[in-house]
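Open the model in your viewer and keep the selection tool at hand. The stops below say what to select and what is there.

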Amino acid sequence: MKQRLLFGTNNQHKLREIREILHTQYEVLSLADVGIDMDVEETEPTLIGNAFLKADAFHKASGLPTFSDDTGLEVDALNGAPGVYTARYAGENATFQDNITKMLKEMRGESSRTARFRTVIAFVDGANREAFEGIIEGAITEAPRGEGGFGYDPIFQPEHHNTTFAEMNPDDKNAISHRGRALKKFSTHLLS
């Protein structure tokens, strides 16, 4: 029987991506699967702080081994912004398109387009509190390309690739992405 893990997120895109990556080893439960209907306000100034806020709260509510993530896009020309504000870069209820539009506007005419995605996964099971980080370097494109993925995927081109995340098939993206890298460290830890 697969080990059951609660993934503390209300983001269905992240949930699908996590399940695609971990499906062979773990049964990844959603908040809805365990009857939890709550949001955790991300008030910490760091990705690791926000990841632990969520993991702690959802572990306390469920009693299950729980992991949560926080992901930030760090753009060098914007002094590391949007960082912890990645999901709400264009405002509190911003859509993916709103965030992309704002990013492309901010980057208009910018010659240095280097950026990175950073994901921190926090894991809490009552006895342990662990964090795992995954980073992928890349660049912000001049215009959106591709129909897949979510978030900033249409404007993020990973280093050593000619396509954006949105132009990749999900398996190829998951093999190299920030979240995939953090999850690989996390699953290696769980298996040990």
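Start with arginine 118, which lies in strand β5, residues 114-124 of this predicted model. Show its side chain together with that of glutamate 74: the two make a polar contact at 2.8 Å. Next, display what surrounds arginine 118. Leaving aside neighbours within four places in sequence, its contacts are Leu47, Asp70, Thr71, Gly72, Glu74, Glu133, Gly134, Ile135 and His178.

From that list, pick glutamate 133. Its side chain meets that of arginine 118 in a salt bridge, 3.2 Å from N to O. Glutamate 133 belongs to strand β6 (residues 129-140) and arginine 118 to strand β5, so the pair ties together parts that are 15 residues apart in sequence. Glutamate 133 counts as partly exposed, at 33% relative accessibility.

**Other salt bridges**

How many salt bridges does the structure hold? There are 18 salt bridges in the structure. Side chains of opposite charge can pair when their charged atoms come close.

Select lysine 54 and glutamate 42, whose side chains meet in a salt bridge of 2.9 Å, N to O. Lysine 54 is in helix α2 (residues 47-62), while glutamate 42 is in the loop between β2 and α2, so this pair ties together parts 12 residues apart in sequence. Are the two partners buried or exposed? Lysine 54 counts as buried, at 8% relative accessibility, and glutamate 42 counts as partly exposed, at 23%.

Move on to arginine 145 and glutamate 167. They form a salt bridge, and their closest N and O atoms are 3.2 Å apart. This pair links distant parts of the chain: arginine 145 sits in the loop between β6 and β7 (156-158), glutamate 167 in the loop between β7 and α4, 22 residues apart. Arginine 145 is partly exposed, with a relative accessible area of 29%; glutamate 167 is also partly exposed, at 36% relative accessibility.

Then select Lys14, Glu17, Asp69, Asp153, Lys173 and Arg179 as one group; a network of salt bridges links them.

**Helix α1**

Two residues of that network, Lys14 and Glu17, are also among the buried residues of helix α1, residues 12-22. An α-helix has 3.6 residues a turn, so residues three or four places apart point the same way.

To see what the buried residues of α1 pack against, colour β1 (3-7), β2 (26-29), β3 (66-75), α4 (170-176) and α5 (178-191). Then go to the start of α1, where a side-chain oxygen of asparagine 11 reaches to within 2.9 Å of the backbone nitrogen of histidine 13.

**The largest pocket**

About 980 Å³ of space lies in the largest pocket. The pocket is lined by 31 residues, and those closest to its centre are Asn11, Lys14, Glu42, Ala87 and Arg88.

Which elements give two or more residues to the lining? They are α2, β3, α3 (96-107) and α5. Finish on β3, which gives the most to the lining, with three residues.

Conventions:
Residues are numbered from 1 along each chain as its sequence is written. This is a predicted model: local features need pLDDT of at least 70, side-chain atom pairs count only at pLDDT 80 or more; totals for chains, interfaces and linings use all residues. Side-chain values use heavy atoms; hydrogens and water are left out. Helices (H or I, at least four residues) and strands (E, at least two) are DSSP runs, numbered from the N terminus. A polar contact is a pair of N or O atoms within 3.5 Å; within protein, one must be able to donate a hydrogen and the other to accept it, and residues adjacent in sequence count only if both atoms are side-chain atoms. Contact means heavy atoms within 4.5 Å. Buried means under 20% relative accessible area, exposed over 50%, partly exposed in between (1.4 Å probe, protein chains only). A salt bridge is a side-chain nitrogen of Lys or Arg within 4 Å of a carboxyl oxygen of Asp or Glu. On a 1 Å grid over the protein atoms alone, a cavity is a set of points where a 1.4 Å probe fits but cannot get out, and a pocket is an open set with protein on both sides within 12 Å along at least five of seven lines; lining residues have an atom within 4 Å of a point. Grid points are joined across faces, edges and corners, and a volume is the space filled by probe spheres set on the points.
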